[in-house]
Amino acid sequence: LMRLLKKLVTEYRGKLMAGGDSQARAVFGKSEYAAKESETVMASKAMKRQRTFTYEGQDVEMFRHLKIGVDDDVTRTIRVHFHWDAEKQRIVIGYCGKHLSVSSQ
């Protein structure tokens, strides 16, 4: 997790500022990063609400996330949902914990 977080705030952030998410996402392997959620999650108010966090007094949907594991076992799986504040050039972590609900759960 620390390796991924360090990469997020250094390499990913630098590439994000230089060329946007399409370049930045290449910093991570496919199994480490997701730029968005599934269409099912995006269509569900309840699941979208789980991925909405308060940042500077505003509700912000944070669909981008780092991921470790795919198991339901919380000792083997973790998700880090975050937001890119382009104005402040800041990565904001809204959630770090167990895999949030998806339609198959």
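Which residue in S6 does His 83 stand opposite? I looked it up: His 83 faces Val 92. I note that this is a predicted model.

**Sheet.** I traced the strands next. Four of them, in the order S1-S4-S5-S6, form an open sheet with antiparallel pairing. Strand S1 (33-34) and strand S6 (90-97) are the edges, each pairing on one side only. I counted 7 bridges between strand S5 (residues 78-85) and S6, in the antiparallel sense. Then I checked what lies across these strands. Helix H1 (residues 2-19) does, covering S1, strand S4 (65-68), S5 and S6. Its direction is at about 30° to S5.

**Hairpin.** I turned to strand S2 (residues 52-55) and strand S3 (residues 58-61). They run antiparallel, joined by 4 bridges. Thr 54 sits opposite Asp 59 of S3. The hairpin has 2 residues between its strands, and I found Glu 56 there with a positive phi near 50°.

**Rings.** My search of the whole structure gave 6 aromatic pairs. One of them is Phe 28 with Tyr 33: ring centres 5.7 Å apart, planes at 15°, so I logged it as stacked. Both Phe 28 and Tyr 33 are buried. Tyr 33 also pairs with Phe 82, with centres 6.3 Å apart and planes at 40°, so this pair is tilted. Tyr 33 is in strand S1 and Phe 82 in strand S5, so the contact ties together parts 49 residues apart in sequence. Phe 82 is buried, as is Tyr 33.

**Charges.** I got a count of 6 salt bridges. I went through several.

- Asp 21 bridges to Arg 25, with the closest N and O atoms 2.7 Å apart. Asp 21 is buried at a relative accessible area of 13%, whereas Arg 25 is partly exposed at 39%.
- Arg 51 meets Glu 37 at 2.8 Å, N to O. Arg 51 is in the loop between helix H4 (45-50) and S2, and Glu 37 in the loop between S1 and helix H3 (39-43), 14 residues apart. I found both Arg 51 and Glu 37 buried.
- Lys 48 bridges to Glu 61, with the closest N and O atoms 3.6 Å apart. This pair links helix H4 to strand S3, 13 residues apart. Lys 48 is partly exposed at 25%, and Glu 61 is partly exposed at 42%.

Key:
Residues numbered from 1 in each chain as written. Predicted model: local features only at pLDDT ≥ 70, side-chain atom pairs only at ≥ 80, totals over all residues. Heavy atoms only, no water. Pairing = 2+ DSSP bridges. Contact = heavy atoms within 4.5 Å. Axes fitted to C-alpha atoms, helices over the stretch in contact; angles between N-to-C directions. Phe/Tyr/Trp six-rings, centres within 6.5 Å; stacked < 30°, edge-to-face > 60°. Buried < 20%, exposed > 50% of the residue type's maximum accessible area, 1.4 Å probe, protein only. Salt bridge = Lys/Arg side-chain N within 4 Å of Asp/Glu carboxyl O.
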